[in-house]
Amino acid sequence: MKHAIRRAGMFGFGLAFLGAAGASACANSTDSFSAQPAETGDASVPPGDETGSDAGSDGAVPVDADAAPRECSTFGFCPTVLPDGSSTLTGVWGDGTGVVWAVTAEGSVLRWDGTAWHVHTSALGALGKIWGSSATDIWIAGERGLLHGTGASSTALTFAPSPLPEDGVTVSSIWGTSGTDVWAVGSVLDVDGFTTLPRAYHYAAGNAGPGWTLDPISTEPDLATITNVWGSPESGLWFVALRPMAEMPWVLEPVVLRKASGAAAFTAEALPADPDESAPSNRLQSVVGGAVADTTGTAWVLGHSSVPGAWKGTTTDHGKTFTWTYHHDGDLTDPSLTAFAGSGEGAFWAVGEYGRARHVQGAQWVPTAMTTTKFPITENFYGVWCHGTTEVWVVGHGMALRYDPTKATVDHGNGGAQ
């Protein structure tokens, strides 16, 4: 049975990077809310529906079917021109000063210099996740392992392998607080080749020699893999892991684990069930990702129970404990979300399949207009990154969209910044 459990939890390299369990990091009410209707041509709809519906309650308006393509979407997302051969962008990260980096499934590292994309380096094998602590300290996870980019400037950055303590590790998420405090999580095949083991590695100042050390949570027998990592100085370190369900051990379920600042061990966050569903349908079935606002400590976890849902956590003791409320966020027919990012209050974003995009507006997650034509986007988004409320990038299959609030033509509330 152990083999069956762990085999069910195995993630291939592509699934770890592009699957719905992946992630990255931008109203205290128990009342649930539903996803608002997509506006024609501006919010994504599943394949087969190219007409959309009437304007949603977020204030967007239908697009004239005879109108010429716009420079940017009504929300203010503007397409950028990608270098030749960059067909699938899987991750994106910026240094907060205007330079933005993206990685591709074709093995290229792209650099945005403020006006255009450039191929910074290539032929690195399939790449999936990217995170940095500064303009000259960047980490990338790919099929050939971890790469560390350093240099005197962004244009002079060079990427070199950063070996982990063992081979064959699938890194599914990277995050850190600084260049000397970085976490990489994922899984590795057991010696029998049929089971997976969770892996969490820490890169820190003071480690014995340069490199990574294995965190003790990697020996937890009830975990199959660790899929996400994020955190904040006050709230500590957050993981999403997969483990067997108590009542159905052949099925893996996600659990959100947190090591509070100063704590010695991880504890599970008790996310509330969907109040409109009965067990086992109301259980947490998947987690897209999470993030914590730097200033207020507000936390969001985005995932799926009986239907897509969002868990909002608030704290009154500076991140020692969180109180959670659950909100509905759509229905079973909605395209799956694949990536999540947050950098502060009002700066939480999620993107997914068929061009689906959401953002926090007040106490709700609402659709975000992305397309510049009369047709909805039907390609998939795989990565999102934000810095504050006005610097946002979304990447996916053949796309890199830059948010420019000055290009928004519809008032989406909060001054157009969300």
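1. **Ground rules.** Residues are numbered from 1 along each chain as its sequence is written, and side-chain values use heavy atoms, with hydrogens and water left out. Because the model is predicted, local features need pLDDT of at least 70 and side-chain atom pairs count only at pLDDT 80 or more, while totals for chains, interfaces and linings use all residues.

2. **Aromatic pairs.** Rings of Phe, Tyr and Trp (its six-membered ring) pair if their centres lie within 6.5 Å; planes under 30 degrees apart count as stacked, over 60 as edge-to-face and the rest as tilted. By this rule there are 23 aromatic pairs. Take Trp 230 and Trp 238. Their ring centres are 5.8 Å apart and their planes meet at 20 degrees, so this pair is stacked.

3. **Burial of that pair.** Buried means under 20% relative accessible area, exposed over 50%, partly exposed in between (1.4 Å probe, protein chains only). Trp 230 has 2%, so it is buried. Trp 238 has 0%, so it counts as buried too.

4. **A tilted pair.** Trp 349 and Tyr 403 also form an aromatic pair. Their centres are 5.9 Å apart, with 55 degrees between the planes, and the pair is tilted. The two residues are 54 apart in the chain. Trp 349 is in strand E23 (residues 347-352), and Tyr 403 is in strand E28 (residues 399-403). Helices (H or I, at least four residues) and strands (E, at least two) are DSSP runs, numbered from the N terminus. Both Trp 349 and Tyr 403 are buried.

5. **A charge over a ring.** What lies over the face of Trp 238? Arg 258 does, at 5.3 Å from the ring centre. The rule asks for NZ of Lys or CZ of Arg within 6 Å of the ring centre and within 35 degrees of the ring normal.

6. Six of the seven residues of strand E18 (residues 286-292) are buried. E18 pairs with strand E19 (residues 299-304) in the antiparallel sense, over six bridges. Two strands pair if DSSP finds at least two bridges between them. Gly 289 stands opposite Leu 302 in E19. Six residues lie between the strands of this hairpin, and Gly 297 in the turn has a positive phi of about 80 degrees.

7. **The disulfide.** How many disulfides does the structure hold? One. A disulfide is a pair of cysteine sulfur atoms within 2.5 Å. Here the sulfur atoms of Cys 72 and Cys 78 are 2.0 Å apart. The torsion about their S-S bond is about 100 degrees, so the disulfide is right-handed. Both cysteines, Cys 72 and Cys 78, are buried.
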